[in-house]
Amino acid sequence: MKKKRPIQALNAKARAIQSLLDGEGKTVAALQQGPPAMPVGCTTIFDTGWETNPRPTYPVGNCQSSAKDFHGCAGDCWWPAQVPDGLTNHQDFDKQCPNVARDWRVLKYD
Amino acid sequence: MNRKITNLLVITIILLGMGSQDTLAKDTFYYLGHGMIQVVDGSTDAIVADIPIDGWLRESDFSSDNKFLYVTAKRHLIHKVNLAENRVVKTIDVGDSQWERFIYGFDLAPDGKSAFVNLLSRTTRQGEVVVAAPRLAQIDLEDGHILRSIEVPWSSVSLVSVKNSSHIYVIGKDIVMVDVSDDEMKIIDRYSMFEKKWNILPLWDNTKENGGIFMVNYYTPELMGLISIDTNSGEITDTPLDGPPVFAYSVMRSVDKKKVYAVMDELTVIDLETRSYGPIIPVPGGTNYAINISSDGKKIYVAGGGSSTTVFDAASLKPIKVLKMKTDGMDFRRLTF
């Protein structure tokens with residue numbers, strides 16, 4: 001007996017999504033899996049590298065202060081969940097907040 | 001006797017000429033901020049001009065006659081800045097009605113009319129996102145149209161012109177060497193980095209100020225090293241360093257070529273002869289992205305990240321001035337006349 005789909009596609013967009021799902025292959029892989037790979041998408045590079053290494057002595061951890069790395073992370077979309085995405089949704093975020101330590105109170109983004 | 005006098009006169013004139021060159025050497029620095037470039041006079045270390053500009057800035061390159069500074073903004077604009085008038089005189093967008101394009105790597109071509117860029121492109125087709133493979137392209141600086149291009153590896157982020165721009169080194173996970181001397185660009189070689197577990201962030205390019213040497217630091221799980229590209233010969237040199245790694249965004253060689261300065265939260269001095277770390281000085285105020293030095297080597301400048309520029313005395317490594325910039329910044333370039 002053919003199993004019924006719990007949700008029916010009713011319009012063209014939904015049917016397009018359904019057809020994608022039907023033919024969907026592997027789309028996600030761990031970065032450590034070979035061959036050497038890096039994610040492709042909002043950012044071209046994603047070397048969290050030394051910025052996330054805790055240090056045994058002062059200064060410990062990331063940039064001092066984190067505000068100093070805000071624009072660097074935002075513009076190139078390194079951390080799009082945490083700071084404005086400067087490549088797609090908030091290309092002009094710097095106009096609101098050119099100096100984060102001074103202007104952070106006026107920064108608004110979704 | 002007459003010959004001796006003549007020789008003495010010639011030597012005196014040469015020495016006077018060298019002395020006057022030192023006296024006349026004048027450094028001007030350009031702080032690449034957000035919506036603004038600020039100009040710093042290297043003799044007084046004072047901010048002398050603000051240049052309004054659209055967007056958050058990334059790469060930069062001086063024209064060969066030093067009259068213009070080209071800067072990329074928002075990863076898709078290229079601004080041409082007239083350095084005599086301190087104003088933007090032209091802006092182009094590398095995107096068009098078909099494709100959004102983003103610049104990750106910029107280098108002016110020797111003709112002064114075009115530039116090499118590494119482009120990531122995206123568009124939508126029938127509601128789906130389409131991302132094209134990255135391409136090294138030569139574009140016309142008049143209108144941004146692509147003159148020629150070649151596919152390059154994913155994650156390429158920086159370009160270095162070598163051998164008078166007959167070759168472009170595309171830096172990403174590895175360094176891919178592209179021969180651009182003929183009509184058709186060709187990938188001719190690759191310098192492996194990723195397989196050696198190198199972690200690299202080549203976003204700060206001070207090749208012009210660094211005597212034609214592109215230099216960047218890299219990390220392995222065990223150590224920090226320096227990779228340098230001689231833009232005259234194309235030779236790549238690896239300098240692994242002894243001891244626990246320091247943290248640095250960018251590096252720059254000293255004028256005497258014996259040391260390298262590195263900066264992130266600290267200013268670190270690296271001895272090139274012993275390949276070891278020297279003094280490590282915390283930077284007042286914390287993290288900085290960019291580093292530069294005065295043309296006489298007496299002052300070290302660290303800037304970017306936040307909105308400060310700190311000037312260090314290179315001999316004592318003591319901070320001698322902190323400039324409060326109007327915006328946070330990305331880079332700090334020097335032009336010497």
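**Reading strands, cores and contacts**

Mentor: Strand β18 (residues 250–253) of chain B is covered on both faces: Ser250(B) and Met252(B) on one side, and Val251(B) and Arg253(B) on the other, are all buried. Here a residue is buried if 20 or more other C-beta atoms lie within 10 Å of its own, exposed if 12 or fewer, and partly exposed in between, with C-beta atoms placed from the backbone. Helices (H or I, at least four residues) and strands (E, at least two) are DSSP runs, numbered from the N terminus. In a regular strand the side chains alternate between the two faces of the sheet. This is a predicted model, in which local features need pLDDT of at least 70 and side-chain atom pairs count only at pLDDT 80 or more, while totals for chains, interfaces and linings use all residues. Residues are numbered from 1 along each chain as its sequence is written, and chains are lettered from A and ligands numbered from 1 in the order in which they are written.

Trainee: How many bridges join β18(B) to strand β19 (residues 259–263) of chain B?

Mentor: Strands of a sheet pair through backbone hydrogen bonds, either parallel or antiparallel. The criterion is that two strands pair if DSSP finds at least two bridges between them. In this case 4 bridges join β18(B) to β19(B), and the two run antiparallel. Ser250(B) has Val263(B) of β19(B) as its bridge partner. The hairpin has 5 residues between the strands, and among its residues Lys257(B) takes a positive phi near 65°.

Trainee: Which residues does Val263(B) touch beyond those up to four places away in sequence?

Mentor: Two residues are in contact if their C-beta atoms, placed from the backbone, lie within 7 Å. On that basis Val263(B) touches Ala248(B), Tyr249(B), Ser250(B), Val283(B), Asn288(B), Ile291(B) and Val302(B).

Trainee: Which residues touch the most other members of the largest nonpolar core?

Mentor: In soluble globular proteins, nonpolar side chains tend to be buried together. A nonpolar core is a set of buried Ala, Val, Leu, Ile, Met, Phe, Trp, Tyr and Cys residues joined through C-beta atoms within 7 Å. The largest core has 91 residues, of which Val251(B), Tyr261(B) and Val263(B) touch the most other members. Strand β1 (residues 27–41) of chain B contributes its largest share, 6 residues. Apart from this core lies another, of 6 residues, including Ala74(A), Val83(A), Cys97(A) and Val100(A).

Trainee: Is Tyr301(B) buried or exposed?

Mentor: Tyr301(B) is buried, because 27 other C-beta atoms lie within 10 Å. Tyr301(B) is found in strand β23 (residues 299–303) of chain B. Leaving aside residues up to four places away in sequence, Tyr301(B) touches Phe29(B), Ile291(B), Asn292(B), Ile293(B), Thr309(B), Val311(B) and Phe332(B).

Trainee: What is the strand order in the open sheet of 4 strands?

Mentor: The order is β14-β15-β16-β17 (chain B), with antiparallel pairing. The edge strands, each pairing on one side only, are β14 (199–200) and β17 (236–240) of chain B. Within the sheet, β15 (residues 213–219) and β16 (residues 224–230) of chain B pair over 7 bridges, and Phe214(B) stands opposite Ile229(B) in β16(B).

Trainee: How many residues does each chain bring to the contact between them?

Mentor: Chain A supplies 27 residues and chain B 31 residues. On the side of chain A that touches chain B, α2 (70–75), α3 (93–96) and α4 (100–103) of chain A each supply at least two residues, and α2(A) gives the most, with 3 residues.

Trainee: What is the mean pLDDT of chain A?

Mentor: pLDDT is the predictor's confidence in each residue, from 0 to 100. The mean for chain A is 71, and 61% of its residues reach 70 or more. Over residues 35–50 of chain A the pLDDT is below 50, and this stretch has 31 contacts in the model beyond near neighbours in sequence.
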